[in-house]
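My entries follow in the order in which I looked.

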Amino acid sequence: MENTVEKKKRIFSGIQPSGELTLGSYMGAIRNWVDLQEEYDCLYCIVDMHAITVRQDPATLRRRSVNQLAQYIACGLDPKKNIMFIQSHVPQHAELSWVLGCYTQFGELSRMTQFKAKAKQHADNITAGLFTYPVLMASDILLYQADLVPVGEDQRQHVELTRDIAQRFNSVYGDTFTLPGAFIPKMGARVMSLANPESKMSKSDPDGCVFMMDKPEDILRKFKRAVTDCETAVKFDKENKAGISNLLTIYCAATGKTLAEAEAEFAGQGYGVFKPAVGEAVVELLRPLREESERIMKDKAYLESVYKEGAEHAAYLAQKTLSKVYRKIGFVAK
């Protein structure tokens, strides 16, 4: 009897261990990733090798890499349904990166907009790694024959370069790599800074940013200080009331209420009532995630078993691709 089971498409996502997860990243993306694990074959990689294009404190990098893994598990990503691992534990990433670097043009890398932006940002530390990290990103994706890569608009150029490198290699050596596509997943709430509601919530703006591991009193304080306007009406109007519109978006995402329901709830009550209520809703949303993260972080043996098992599964898939590449370019088999 013919097997009609359709193979799941594979998603690869690389996550930099750059600090604590924010309310914006949770509401905007991570909450929706939990749904992806049912539909797709997902790999979530903590990309510590990418992180060192900027100087890192070694102890902080180690702690963040493991803590971030714990936080993703606490948010609902299941290590039994996804392959979750740390990039530097799978040396095939670096090995394939060297090969692909030999099939990438200098001009292609010099046109990458993120390189230009980061070179300006870190003008005193423009390294070869900063220049070539799109090649490492390509190897991350192509190693696992990923069909889809969840990216924001700012990363789409990297997926296009990955496709160009893969096509170039395939045209010389025959079908070797799956050509990946950029996957713009269903996005949740677009959360803006509490201090500057015209800008996206970002770790680089700690006053306007709520972190998943913030204490309840810190979350409440940040919401009470949130920038609003000199009116009193709790009404969604992105153009004229950016701060209140942002708070309404957050409140609805935290409580599951519609904008109309939220506006009706706070009609005639003013910002002095509304802002603390948003803070309380966020505290209750994040409380179980923070508590579960803290519990997992204390269980070092469990976390180690997750990233070691994840690395084993990842390395098995990666080696299949790398062996094929090495054979095709003419390296002598071991």
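Predicted model: local features only at pLDDT ≥ 70, side-chain atom pairs only at ≥ 80, totals over all residues.

Helix H7. I find that 13 of the 16 residues of H7 are buried, so the helix is largely enclosed by the rest of the structure. H7 covers residues 128–143, and its end C-alpha atoms are 22 Å apart, which agrees with the 22 Å that its 16 residues should span at 1.5 Å a residue. I also noted a kink of about 40° centred on Pro134 in H7, and, following the helix, Gln145 with a positive phi near 50°.

Cores. I then turned to the largest nonpolar core, which has 63 residues, and in which Leu23, Met27, Tyr72, Val210, Phe223, Ile250 and Leu286 touch the most other members. Helix H12, residues 271–298, gives the most to this core, with 11 residues. Leaving aside residues up to four places away in sequence, I list Leu23, Tyr26, Val210, Phe211, Met212 and Ile219 as touched by Leu286. Another core, of 40 residues, lies apart from it and includes Ile83, Leu109, Val159 and Phe169.

Lys200. Last, I looked up Lys200, which lies in the loop between strand S5 (181–183) and helix H9 (216–224). Its relative accessibility is 55%, so I count Lys200 as exposed, the cut-off being over 50%. Between the C-alpha atoms of Lys200 and Arg190, 10 residues apart along the chain, I read a separation of 7.7 Å.

Key. Residues numbered from 1 in each chain as written. Heavy atoms only, no water. Core = buried A, V, L, I, M, F, W, Y, C linked by side-chain atoms within 4.5 Å. Buried < 20%, exposed > 50% of the residue type's maximum accessible area, 1.4 Å probe, protein only. Helix = DSSP H or I, 4+ residues; strand = E, 2+ residues; numbered from the N terminus. Contact = heavy atoms within 4.5 Å. Expected span 1.5 Å × (residues − 1). Bend = angle between axes of the 7 residues up to and from the residue.
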